[in-house]
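Student: Please take a single strand of this protein and go through it closely. I would like to know what it pairs with, what packs on it and what follows it in the chain.

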Amino acid sequence: MLMRAASQTLTEQLYTRFAERIRTRLLAPGARLPSVRQCAQQQGVSPSTVVAAYDQLLAHGLVEARKNRGFYVREMALALVKPTHQAINSIAQEPAHAGFGAQHVPINATALIRGMFHRVSDLPQPGLGVFPPDWLETSFMAAAVRKVTNSWALQSLSLQYGDPAGDASLRQALSHKLAAYNVHATPAQIVTTVGATHALDIVSRTLLRAGDYVMVEEPGWAIEFARLTALGMRILPVPRRADGPDLDVMARYCGLHAPKLFVSVSVFHNPTGYCLSPGSAHRVLQLANAHNFHIVEDDTYSHIAPDHATRLCALDGLQRTIYVGGFSKILAPGWRVGFLAAPPALVEAFIDTKLLATLTTPALLEKALAGCIEQGQLRRHAERIRTRLDQARGRCVQLALAHGCSFATPPAGLFGWVETGVDTDALAQRMLDVGYLLAPGALFHAERQPSTLMRINFATTQDAKFWETFERIRAERCPQFCVNGEVGFSPSGIGP
């Protein structure tokens with residue numbers, strides 16, 4: 001909140017807040033700022049203070065003023081144009097529309113990623129998709145690195161490029177690990193990558209060309225929609241149900257568009273937490289065989305899921321399926337170690353694509369990770385995380401229900417898909433003002449549309465202070481939501 005007794009003036013504080021969000025892209029180019037009147041009401045300051053802050057943003061080339069339309073974030077490369085105070089004041093007269101969702105500035109996928117690297121505050125962040133750092137602290141990782149950096153190994157692994165497919169010991173360890181999921185892949189079928197996102201990118205760049213149709217589950221991972229769009233692909237959103245993708249929609253897409261790829265999260269789907277049923281899995285594979293498309297199965301959450309969960313790659317035997325996994329979520333985000341397991345006929349093409357992007361991957365860290373897997377340290381660490389997450393999920397669910405929310409899907413895995421009853425794009429901006437980064441529901445759709453849902457991270461949303469702040473800010477603009485968890489309406493029809 002803005003502080004009247006702070007060393008900076010209110011104008012300087014407001015300017016600094018917006019400037020930081022623009023520079024870190026928490027406010028994306030083209031996003032519209034609140035009107036002068038609305039911003040003044042939200043921040044508890046005078047319109048003249050907002051005008052002065054916006055004037056500074058204009059002077060520094062961070063926003064542009066569009067007459068009778070408002071203020072918009074500029075591309076950083078645009079030339080600096082400083083408008084007159086008369087122009088600013090004419091825009092300041094723009095009427096402020098009533099209602100919680102008026103003139104909101106949406107948080108996009110890249111803003112959510114940037115929030116991982118540029119923390120908006122020291123508070124737990126409910127919108128992020130990672131475990132808190134203290135959950136990931138271990139002693140065995142440092143020991144594994146020391147072991148592979150003795151004088152002989154350090155020279156051997158550092159003074160020459162590694163195997164283009166990845167460290168042989170890690171690929172062997174991954175082959176054994178996948179067998180526990182009934183995914184049978186030889187080391188020769190495995191290619192290491194710079195994280196799971198890099199694996200997905202290798203698959204896309206190898207199998208697709210700009211203009212190709214790709215089926216992606218919706219709601220789905222916001223970053224995947226953004227990544228495929230940036231590559232020029234045509235996204236076909238497939239509604240995700242409790243047992244799997246909507247097979248009727250997939251069949252229609254296959255008949256109309258001949259898609260080349262289907263991207264799926266079978267286990268602990270993001271954001272719903274759903275897991276694929278065996279029956280749906282069989283029908284998806286039948287469609288893939290009949291219509292000649294590949295399936296990428298992103299198993300990012302395998303470490304917190306049951307080994308016996310249904311996986312397409314296990315049923316298909318890596319014929320039309322490609323398995324993608326990584327260790328950033330559960331062990332070492334900074335190591336950036338991921339991998340893919342593929343049909344033998346595709347492996348060399350995937351290695352070629354990897355070579356063009358990164359040449360090889362860090363052999364030192366890959367060998368250290370191999371030791372963690374082989375000695376069972378990773379497995380025991382994941383078990384501890386699962387236990388802690390189960391406890392956190394229970395606390396978070398109780399808090400969410402007590403503060404007037406409900407769950408659109410049964411709580412499971414790392415994420416909760418929460419019904420708030422208000423426009424979460426607007427809610428996200430108000431929560432950002434007090435130091436909380438949310439993941440609004442609109443982010444998880446191929447075509448952004450207003451949503452009353454939000455995705456929360458169970459590991460970072462068990463703080464009562466967050467829920468109290470959430471309830472207060474929601475009630476400020478929506479009087480039908482009463483304090484103490486009494487809900488006036490629920491647009492989805494799902495009550496707590």
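**A strand and its surroundings**

Tutor: The protein has an accessible surface of about 20,700 Å², and carbon and sulfur atoms account for 55% of it; such areas come from the Shrake-Rupley method with a 1.4 Å probe, and for residues only the protein chains shown count as cover. The model is predicted, so to speak of local features pLDDT must be at least 70, and side-chain atom pairs count only at pLDDT 80 or more, while totals for chains, interfaces and linings use all residues. Residues are numbered from 1 along each chain as its sequence is written, and side-chain values use heavy atoms, with hydrogens and water left out.

First, the whole chain. Of the 496 residues in the protein, 56% are buried, where buried means under 20% relative accessible area, exposed over 50% and partly exposed in between (1.4 Å probe, protein chains only). There are 19 helices and 14 strands; these are DSSP runs numbered from the N terminus, with helices (H or I) of at least four residues and strands (E) of at least two. Among contacts between residues at least 6 apart in sequence, 73% join residues at least 24 apart, a contact being heavy atoms within 4.5 Å.

The strand to look at is E4, residues 213–218, in which five of the six residues are buried. E4 belongs to an open sheet of eight strands in the order E3-E10-E9-E8-E7-E4-E5-E6, with mixed pairing; two strands pair if DSSP finds at least two bridges between them. At the edges stand E3 (190–193) and E6 (244–245), each with a single partner strand, so one side of each has no neighbour in the sheet. Strands of a sheet pair through backbone hydrogen bonds, either parallel or antiparallel.

E4 pairs with E5 (residues 234–241) in the parallel sense over six bridges. Two residue pairs mark this pairing: Val214 has Ile235 of E5 as its bridge partner, and Glu217 stands opposite Val238 in E5. E4 also pairs with E7 (residues 261–264), again in the parallel sense, over three bridges. Here Val216 has Val263 of E7 as its bridge partner.

Now the chain beyond E4. Pro219 sits in the loop between E4 and H11, and the peptide bond from Glu218 to Pro219 is cis, with omega near 0 degrees. Most residues other than glycine have a negative phi, and most peptide bonds are trans. Another cis peptide bond joins Asn270 and Pro271, with omega about 20 degrees; Pro271 lies in the loop between E7 and H13 (278–291).

H11 (residues 222–230) forms a right-handed β-α-β unit with E4 and E5. A crossover is called right-handed if, with the strands pointing away from the viewer, the path from the first strand over the helix to the second runs clockwise. Within H11, the residues Ala222, Glu224, Phe225, Arg227 and Leu228 are buried. After H11 comes Gly232, with a positive phi near 90 degrees.

Two further helices complete the picture. H10 (residues 196–207) packs against H11 at an angle of about 35 degrees, with the axes 11 Å apart; axes are lines fitted to C-alpha atoms, for helices over the stretch in contact, and angles run from 0 to 180 degrees between N-to-C directions. That contact is made by Thr197, Leu200, Asp201 and Ser204 of H10 and by Glu224, Arg227 and Leu228 of H11. H12 (residues 247–257) lies across E4, E5, E6 and E7, and runs at about 160 degrees to E5.

Leu340 counts as buried because its relative accessibility is 0%. Apart from neighbours within four places in sequence, Leu340 has contacts that include Ile190, Val191, Ala199, Ile202, Val203 and Phe350.

Asn292 has a positive phi of about 60 degrees although it is not a glycine.
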